[in-house]
Amino acid sequence: MSLLQKIADIEAEMARTQKNKATSGHLGVLKAKLAKLKRELVLGGKGGGGGGKPGEGFDVTKAGDARVGLIGFPSVGKSTLLTKLTGTKSEAAAYEFTTLTCIPGTFKYKGCQIQLLDLPGIIEGAKDGKGRGRQVIGVGRTCDLILIVLDAGKPMTHKRLIEKELEGFGIRLNKKPPNISFKKKDKGGISMSKLVPQTHLNLKTVTEICKVNRISNAEIVLREDATDDDLIDVIEGNRVYIPCIYVLNKIDTITIEELDLLSQVPHYVPIAAGPEWNFDTLLDKVWTYLDMIRIYTKPKGQIPDYDSPVVIPRGKSTVEQFCLRIHKALVANFKYAWVWGTSVKHNPQKVGIDHVLADEDVVQIVKKI
């Protein structure tokens with residue numbers, strides 16, 4: 001029996017099983033088995049299906065300060081959006097599957113160089129290797145932000161279908177990693193500590209999920225009210241958590257009433273790529289979701305360089321990360337830094353390598369003699 005058939009059988013059994021307290025353990029085991037089979041499929045197990053030659057048309061070198069991927073069904077306007085934003089020519093036409101490879105382009109916003117990837121349209125079943133889905137979603141895993149492009153004139157069920165394909169490939173959209181500690185041991189069986197009350201998991205379910213993954217000894221600490229899906233994600237360890245914006249394209253083809261109804265979708269931006277409607281809002285939201293900060297360098301005795309900021313993620317905004325972004329040798333020769341900006345009480349202020357920088361700070365590095 002192929003992997004795809006095994007996956008289909010488990011999904012069918014899950015659909016038949018009623019969801020209640022009595023069956024929660026059984027469903028947890030089925031989900032763990034499903035995750036294990038999907039992992040084998042992603043890694044190229046037997047029966048994984050096609051998807052083209054590995055890397056064909058998809059070996060795009062990461063460039064700029066951030067990578068943003070355009071994902072959607074065929075003929076929703078991804079190529080037009082790429083061309084309008086970056087000036088890169090991507091084949092666009094009124095028929096489906098115009099784009100067959102990954103087309104990269106770059107644009108600059110608030111001093112940040114952003115790489116935009118126009119990925120081929122995915123189809124239902126992409127996570128199982130249909131079409132070129134495995135390559136498309138594989139590139140999506142490397143992005144800092146995903147833009148799911150939807151056609152305003154087509155059913156919003158397309159949104160859920162794309163989410164399902166991405167989730168099947170281990171991509172979690174607009175979510176944070178579960179606050180669960182998982183550590184394998186040499187002996188002692190499965191132990192579970194609950195720091196908050198649990199409404200979904202118990203020791204029996206946790207043990208069964210571990211058993212499916214051939215884990216006999218482990219220490220698990222639950223720091224939130226976790227679900228079986230959360231635990232499976234932590235055990236699998238290959239999930240990526242990526243922010244996502246839903247770009248509702250072709251709003252020039254619908255009525256104001258329909259647009260008001262669609263505005264209830266969270267994380268969405270309405271645009272019309274052809275006439276370039278609402279691009280300012282889209283770019284501002286892209287910048288917000290990327291959550292980057294700009295740091296300006298100041299050579300000794302000179303004015304700061306405001307034209308070419310060093311762009312780093314807000315969550316990794318120490319002076320050390322700033323130095324590494326420029327050159328790793330700066331860390332080895334670092335003595336201290338002078339900082340001007342909102343992250344310090346005095347301007348300038350002498351700081352160490354662990355100091356956390358804020359957006360639009362000015363930094364001058366002093367190296368060891």
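Me: What do buried, exposed and partly exposed stand for?
Reply: Buried means under 20% relative accessible area, exposed means over 50%, and partly exposed is in between. Keep in mind that this is a predicted model.

Me: Is Asn 174 buried, exposed or partly exposed?
Reply: Asn 174 has 29% relative accessibility, so it counts as partly exposed. Asn 174 sits in the loop between β5 (171-173) and β6 (180-184).

Me: And is Arg 214 buried or exposed?
Reply: Arg 214 has a relative accessible area of 72%, so it is exposed. Its place is the loop between α6 (203-212) and β8 (218-222).

Me: How do I read backbone angles?
Reply: Start with the general rule. Most residues other than glycine have a negative phi, and most peptide bonds are trans. Now look for exceptions here. Asn 174 has a positive phi, near 50°. Arg 214 also has a positive phi, near 60°.

Me: Is the peptide bond from Asn 347 to Pro 348 cis or trans?
Reply: That bond is cis, with omega near -5°. Pro 348 lies in the loop between β14 (334-340) and β15 (349-351).

Me: How do I read a nonpolar core?
Reply: Look for buried nonpolar residues joined through their side chains. The largest core here has 59 residues. Leu 81, Ile 146, Leu 147, Ile 148 and Val 286 touch the most other members. Helix α9 (residues 279-290) gives the most to this core, with 7 residues. There is also a second, separate core of 19 residues, including Cys 210 and Ile 220.

Me: Which residues does Leu 147 contact, leaving aside its neighbours within four places in sequence?
Reply: Among them are Val 68, Leu 70, Ile 71, Leu 116, Ile 245 and Val 286.

Me: How do I find empty space?
Reply: Rolling a probe the size of a water molecule over the atoms shows where empty space is left. In this model, the largest pocket has a volume of about 1200 Å³. It is lined by 46 residues, and Met 14, Lys 31, Asp 228, Asp 229 and Ile 232 are the closest to its centre. α2 gives the most to this lining, with 11 residues.

Me: What about the second largest pocket?
Reply: The second largest pocket holds about 430 Å³ of space. It has 18 lining residues, with Asp 144, Met 292, Ile 312, Pro 313 and Lys 316 nearest its centre. β13 supplies the largest share of that lining, 3 residues. By class, the lining has 8 nonpolar, 3 polar and 7 charged residues.

Conventions:
Residues are numbered from 1 along each chain as its sequence is written. This is a predicted model: local features need pLDDT of at least 70, side-chain atom pairs count only at pLDDT 80 or more; totals for chains, interfaces and linings use all residues. Side-chain values use heavy atoms; hydrogens and water are left out. A nonpolar core is a set of buried Ala, Val, Leu, Ile, Met, Phe, Trp, Tyr and Cys residues joined through side-chain atoms within 4.5 Å. Buried means under 20% relative accessible area, exposed over 50%, partly exposed in between (1.4 Å probe, protein chains only). Helices (H or I, at least four residues) and strands (E, at least two) are DSSP runs, numbered from the N terminus. Contact means heavy atoms within 4.5 Å. On a 1 Å grid over the protein atoms alone, a cavity is a set of points where a 1.4 Å probe fits but cannot get out, and a pocket is an open set with protein on both sides within 12 Å along at least five of seven lines; lining residues have an atom within 4 Å of a point. Grid points are joined across faces, edges and corners, and a volume is the space filled by probe spheres set on the points. Ala, Val, Leu, Ile, Met, Phe, Trp, Tyr, Cys and Pro count as nonpolar, Asp, Glu, Lys and Arg as charged, and the others, Gly among them, as polar.
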